[in-house]
Amino acid sequence: MDARTPGRVTLVGAGPGDPELLTLKAVRALEQADIVLVDDLVSPEVLVHAPRARVVYVGKRAGRPSTPQDRINGLLVRLARRGWRIVRLKGGDPMVFGRGGEELLALRRAGIEADVVPGITSGIAVPATLGVPVTHRGLVTGVALITGQCRDEREPDWQALVRSGLTLVVYMGLARLPRIVASLQQAGLAASHPALAIQDGTRATQRQVAAPLSALAGAVEAAGFAGPCLIVIGEVTRLAATDLSTLCIGDAA
Ligand SMILES: C[S@@+](CC[C@H](N)C(=O)[O-])C[C@H]1O[C@@H](n2cnc3c(N)ncnc32)[C@H](O)[C@@H]1O
């Protein structure tokens, strides 16, 4: 480390959970890092690839208080100005609901060199582990990745989404699941439309519930889901390998 030479920041995606779903490029970035700033949902096993780095947790996992985004941006800039090589490690892909864009803009504004190592995003990879191809040809023409955690004035346009016929993958939707389901039904999606909720995808603790849309929230509650959870809505969920379901509720009448 040379304090006169500005450091650089690499935003790295750690994948959905299984540490073997890390890319070779991510491993190389971790090996070369002086400091790793770790987010929520990153599996601790991934950090074996950063043996010489100082690890700073900025997520709220394990009861730690979360770090406000402005502070993380400021920390990245300050550390890089000291000449350190920094990896900003995030679950999934840093640019998919990962605030990677905000951090990249803050670094760019501060004149800090930054690059991105993409990761495998959970919304595609986790359904795939169940045999669910979110863009299955003949069933759908594409997939929409949606946040379930939005303020009222920024609600997704549920009607447009339903009209689109796309597979819907909802990130961060667990807390508002009943409301999301109600909005989709109000927008015209049938009560019997197939859906799937998957908790802790690609980890040993993975569990999933398949149910028609109208029964999904109840099924998820009955299963006691509390961890990171994805909601997948669409005909493609019928392609899930049935023997992988821990709980599968029959089609609604
Ligand atoms: C802040 S977003 C981060 C998404 C991440 N950047 C990605 O590309 O997967 C966190 C949400 O991602 C989803 N998620 C991430 N990892 C997951 C996993 N292993 N199983 C299920 N859902 C997951 C959950 O919806 C969780 O609330």
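This is a predicted model: local features need pLDDT of at least 70, side-chain atom pairs count only at pLDDT 80 or more; totals for chains, interfaces and linings use all residues.
**Overall build**

I began with the secondary structure and found 7 helices and 11 strands in the protein chain. Next I looked up the extent of the fold: along the principal axes, the C-alpha atoms fill a box of roughly 70 × 40 × 35 Å. I then checked the radius of gyration, which is 20 Å for the protein chain; a compact globule of 253 residues would have a value near 18 Å, so the two agree.

**Inside and outside**

How much of the protein chain is buried? I noted 47% of the 253 residues as buried.

**Around the ligand**

On to the ligand, which I found surrounded by 17 residues. Pro16, Val96, Thr121, Ser122 and Cys229 are the closest. Sorting the shell by class gave me 10 nonpolar, 5 polar and 2 charged residues.

Which atoms of Pro16 and Gly201 face a ligand nitrogen? In Pro16 I found a backbone N or O atom 2.7 Å from a nitrogen atom of the ligand. In Gly201, too, it is a backbone N or O atom, lying 2.8 Å from a ligand nitrogen atom. Thr121 uses its side chain: an N or O atom there is 2.6 Å from an oxygen atom of the ligand. My last entry is on cover: the ligand taken alone exposes 560 Å², and the protein buries 88% of that.

Notes:
Residues are numbered from 1 along each chain as its sequence is written. Side-chain values use heavy atoms; hydrogens and water are left out. A residue is near a molecule or strand if one of its heavy atoms lies within 4 Å of it. A polar contact is a pair of N or O atoms within 3.5 Å; within protein, one must be able to donate a hydrogen and the other to accept it, and residues adjacent in sequence count only if both atoms are side-chain atoms. Accessible areas come from the Shrake-Rupley method with a 1.4 Å probe; for residues, only the protein chains shown count as cover. Ala, Val, Leu, Ile, Met, Phe, Trp, Tyr, Cys and Pro count as nonpolar, Asp, Glu, Lys and Arg as charged, and the others, Gly among them, as polar. Helices (H or I, at least four residues) and strands (E, at least two) are DSSP runs, numbered from the N terminus. The radius of gyration is taken over C-alpha atoms; the globule rule is 2.2 Å times the number of residues to the power 0.38. Buried means under 20% relative accessible area, exposed over 50%, partly exposed in between (1.4 Å probe, protein chains only).
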